[in-house]
Amino acid sequence: MDIIFTKIWWALPVFAVLAMMEYAIGIEHSRLLANNPRLSVTLPEEAPQWRLFSKKRLLTVLLACVIYLLVYFLLPAEFFRFVFGGHLLLMITECLRSIRFLFFFSLARAGKGIEGNLKLSWWYVYREMSMEHFIFAILYLLAFSVSRELIFGGAAAYYYYRAVHLWLTSNRQEDKPDLSAPTEEKQPADV
Amino acid sequence: MFEFSFYAYPWAVITLCCLLYVSDAWLTIHCAKLLDQGADKHYKVHGGYELTPYWQKEVDERQNLLFSPKFQVALGTLIIYLGALAYLKSFAENSSAPYVWIAAEAFEFFSGAWILLQVQIHVRHLSNWFIFNTSIQGIGIRGRLEQSRWYALRLSAFETIVFGLCYLLFWTLLDFRIFLLGGALGCLSSALGQYQMSRKHSPDIVEETQETTNQETLAS
């Protein structure tokens with residue numbers, strides 16, 4: 001593990017590739033869903049037309065690399081291990097987890113084992129993602145408390161941040177249901 | 001740098017393993033009941049909720065697993081098994097005989113396999129718990145998805161492989177701890193088992209008969 005933290009010129013390309021890979025998997029998800037004749041998981045709005053090598057995405061990754069480079073040279077090694085290692089671990093985990101959706105949607109597209117039509121509101125999608133991120137934040141926190149390895153602590157912090165961000169995003173959605181209403185009225189406004 | 005301090009207390013590890021097993025059994029029944037309470041309006045898994053043939057009958061009948069003799073026996077076996085490994089570990093640590101390190105590492109390997117597999121199972125249970133709860137209340141979701149048993153087993157195997165690969169990665173990156181290797185191999189062998197089971201089913205969505213279920217239980 002230490003090679004990642006001692007050889008920064010190796011670590012940064014790994015980080016950049018993972019960041020692009022996470023994005024590429026997201027694009028593939030939306031492509032598989034958009035052209036799926038047998039499974040319809042409809043979101044209330046059209047998925048944005050993402051492009052892998054968009055200027056915005058490349059600049060974001062580049063900016064993150066510069067920030068981590070500054071952290072590496074200016075701040076203590078433990079701090080770098082915490083923030084960079086944590087972020088790297090989060091991306092590895094997310095890439096591996098996201099691949100299951102490729103499997104899920106590809107099988108559906110091939111008409112194997114799953115069919116139906118499901119309509120999800122954005123509120124639901126963000127809430128589910130937030131909940132999964134909370135679970136992984138707790139898992140990495142447990143791993144950190146047992147092992148005292150800083151990269152687990154960093155990954156827990158990133159997952160927690162993302163979970164809170166997703167939760168707040170879900171609350172801002174226009175299709176957010178009225179949770180105080182009786183059960184039979186708890187329908188999103190526009191699914 | 002990378003240390004598991006709790007391995008100084010083997011009984012704490014055994015207690016953790018048992019708690020995870022109890023929690024797994026409780027969550028399985030709880031999530032299966034959520035399906036009956038209305039979640040199956042949106043999600044339908046043909047062939048029953050439980051994937052492990054050993055527990056399928058009990059879960060299909062919604063029995064309380066925690067008080068069933070079968071579960072008590074399984075839990076007792078787990079305690080005896082891990083207790084024996086913990087004893088071997090303490091014995092091996094005070095011995096200078098060759099190959100005795102295998103006995104010393106076996107406890108960490110098998111408890112790692114159990115704990116880390118249970119972590120993966122709990123992530124799935126908690127995810128199902130959220131999905132089924134929101135489905136019952138009809139919040140933000142409409143329509144219905146149906147999965148064949150083949151698909152459920154394949155998906156579960158795939159998710160388990162992903163966790164196994166994560167553990168394998170941690171093992172290579174973090175001082176080659178035998179605990180993580182145990183988790184990785186535990187997940188990969190469980191995934192292989194589920195993949196093998198899926199081969200007995202057709203990918204098509206058909207209502208599974210009791211006969212099919214019984215055949216699978218016998219086969220296991």
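Predicted model: local features only at pLDDT ≥ 70, side-chain atom pairs only at ≥ 80, totals over all residues.

Author: Residues are numbered from 1 along each chain as its sequence is written, while chains are lettered from A and ligands numbered from 1 in the order in which they are written.

Reader: Are α4(A) and α6(A) parallel or oblique to each other?

Author: Helices (H or I, at least four residues) and strands (E, at least two) are DSSP runs, numbered from the N terminus. The axes of α4 (residues 77-109) and α6 (residues 150-171) of chain A come within 7 Å and cross at roughly 60 degrees. Angles under 35 degrees count as roughly parallel, over 145 as roughly antiparallel, 65 to 115 as roughly perpendicular and the rest as oblique. So α4(A) is oblique to α6(A).

Reader: How many charged residues are in the contact of α4(A) with α6(A)?

Author: Residues are in contact if their C-beta atoms, placed from the backbone, lie within 7 Å. Ala, Val, Leu, Ile, Met, Phe, Trp, Tyr, Cys and Pro count as nonpolar, Asp, Glu, Lys and Arg as charged, and the others, Gly among them, as polar. In α4(A), A:Glu78 and A:Arg81 are among the residues that meet α6(A). By class, this contact of α4(A) with α6(A) has 10 nonpolar residues, five polar and, as charged ones, two.

Reader: Is B:Arg62 exposed or partly exposed?

Author: B:Arg62 lies in the loop between α2 (53-60) and α3 (69-93) of chain B. Its phi is near 55 degrees, positive in a residue other than glycine. A residue is buried if 20 or more other C-beta atoms lie within 10 Å of its own, exposed if 12 or fewer, and partly exposed in between, with C-beta atoms placed from the backbone. B:Arg62 has 13 such atoms within 10 Å, so B:Arg62 is partly exposed.

Reader: How many residues does the contact take from chain B?

Author: On the side of chain A that touches chain B, α4, β2 (114-120) and α5 (122-147) each supply at least two residues. The contact takes 37 residues from chain A, and from chain B 39.

Technical notes
Axes fitted to C-alpha atoms, helices over the stretch in contact; angles between N-to-C directions. Contact = placed C-beta atoms within 7 Å.
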